[in-house]
Amino acid sequence: MAKDYYKTLGVSKSASKEELKKAFHKLAHQHHPDRGGKEDKFKEINEAYQVLSDDTKRAQYDRFGPTPPPGGGFAGQAWDFSNMGGMGGFSQGQGGVEFDLGDIFSDFFGGGRGRRRASRRGEDITVDIEIPLTDALLGAGKVVRINKHIACATCKTSGAEPGSELEKCVACDGKGSVREARRTIFGAVNVESVCRECDGEGKRPKVKCHICKGAGIIRGLDEIEANIPAGVATGEVMKVAGRGEAIRGGPSGDLYVRLHVKTPTKFSKKAREALEELRKEGI
């Protein structure tokens, strides 16, 4: 009987990669042998996901079904899923090329290859401020004061005492990442994660900054100038790029300022003049 990989994962043929991933994770939780599931069912789920999550194999499957097209299997290879154990690797064709479950579940566990500190950025911040009606009508500059993580002014986020050099991180041998075995509901898997000792940079200061203690950032008050354009209304959000939380070895996040216009019970002369100007302009 022909295999219906879409039916195996419980998704439609138009399912997105994100939908496939969610369906796979849910079923893998339910049917993993370590949780009392049947090994054959778990292998079937893995097989379906490995085919449908790959654009080339999925296109060939949609065209030919589970029967390999003339001249070879998916992407020119005969994929053998017969040796997939609960905690083992998968084999490709007769060559027995192994790849571990850490690659398959990298997104699920938050690790994965290529995830380096440089790809990270500081957290975004959202603040609410109240502005008078005149500022909303005419526009104005507004200083926003936020207590947050800011770059250490002494070491410039390097974490090193001024004049001190950086040296190769011993923990990761300068790679910025380490491979480690983790026990999970799927069994023992090897995952690649950011080195905690150097925060993914591959280097550590010989002498840590006496201000930030090597963190590269400190907690402090940041004063940010936000230019409010004319004609804004309550609920509008302004973005101030790069003024969110600072992070060592990567760009800061963004600041989002949500505006709340304070409506007075009585309009001042300045507000009345502004409203009159807006009426003349047809606003």
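Visitor: In which helix is Tyr61 found?

Guide: Tyr61 is found in helix H4, residues 55-64. Helices (H or I, at least four residues) and strands (E, at least two) are DSSP runs, numbered from the N terminus. This is a predicted model: local features need pLDDT of at least 70, side-chain atom pairs count only at pLDDT 80 or more, and totals for chains, interfaces and linings use all residues. Residues are numbered from 1 along each chain as its sequence is written, and side-chain values use heavy atoms, with hydrogens and water left out.

Visitor: Is Tyr61 buried or exposed?

Guide: Read the relative accessible area: buried means under 20%, exposed over 50%, partly exposed in between (1.4 Å probe, protein chains only). Tyr61 has 7%, so it counts as buried. The C-alpha atoms of Tyr61 and Val51 are separated by 7.6 Å, and the two residues are 10 apart along the chain. Val51 is one of the buried residues of H3.

Visitor: What span should helix H3 have?

Guide: The expected span of a helix is 1.5 Å times one less than its number of residues. H3 covers residues 39-52, so its 14 residues should span 20 Å. The end C-alpha atoms are 20 Å apart, which agrees. H2 gives another case: 15 residues, 17-31, should span 21 Å, and its end C-alpha atoms are 21 Å apart.

Visitor: How many residues of H3 are buried?

Guide: 10 of the 14, so H3 is largely enclosed by the rest of the structure. Among them are Phe42, Ile45, Ala48, Tyr49 and Leu52, but also Lys43, Asn46, Glu47 and Gln50.

Visitor: Which residues of H2 are buried?

Guide: Start with the general idea. An α-helix has 3.6 residues a turn, so residues three or four places apart point the same way. In H2 the buried residues are Leu20, Lys21, Ala23, Phe24, His25, Leu27 and Ala28.

Visitor: Which residues does Leu9 touch?

Guide: Contact means heavy atoms within 4.5 Å. Leu9 lies in helix H1, residues 5-9. At 4% relative accessibility, Leu9 counts as buried. Not counting residues up to four places away in sequence, Leu9 touches Leu20, Ala23, Phe24, Leu27, Ile45, Ala48, Tyr49 and Leu52.

Visitor: Now the strands. What order do they have in the open sheet of three?

Guide: Two strands pair if DSSP finds at least two bridges between them. The order here is E4-E12-E11, with mixed pairing. E4 (125-132) and E11 are the edge strands, each pairing on one side only. Neighbouring strands are turned by 30° against each other on average, direction ignored. Axes are lines fitted to C-alpha atoms, for helices over the stretch in contact, and angles run from 0 to 180 degrees between N-to-C directions.

Visitor: How many bridges join E11 to E12?

Guide: Four, and the two strands run antiparallel. E12 covers residues 255-262. Val237 has Arg258 as its bridge partner in E12, and Lys239 stands opposite Tyr256. E11, residues 237-240, has a covered face, Met238 and Val240, and an uncovered one, Val237 and Lys239.

Visitor: Which residues touch the most other members of the largest nonpolar core?

Guide: A nonpolar core is a set of buried Ala, Val, Leu, Ile, Met, Phe, Trp, Tyr and Cys residues joined through side-chain atoms within 4.5 Å. In this core of 19 residues, Val127, Ile131, Leu255, Val257 and Leu259 touch the most other members. E4, helix H7 (133-138), E5, strand E10 (217-228), E11 and E12 each supply at least two residues. A second, separate core has 17 residues, including Tyr6, Leu27, Ala28 and Leu52.

Visitor: Where is Lys156 placed?

Guide: Lys156 is in the loop between strand E5 (140-151) and strand E6 (166-168). Its phi is near 60°, a positive value in a residue other than glycine. At 62% relative accessibility, Lys156 counts as exposed. Asp173 also has a positive phi, about 60°, although it is not a glycine. Asp173 lies in the loop between E6 and strand E7 (177-184) and counts as partly exposed at 45%.

Visitor: How many helices and strands are in the protein chain?

Guide: Eight helices and 12 strands. Buried residues make up 37% of the 283 residues.
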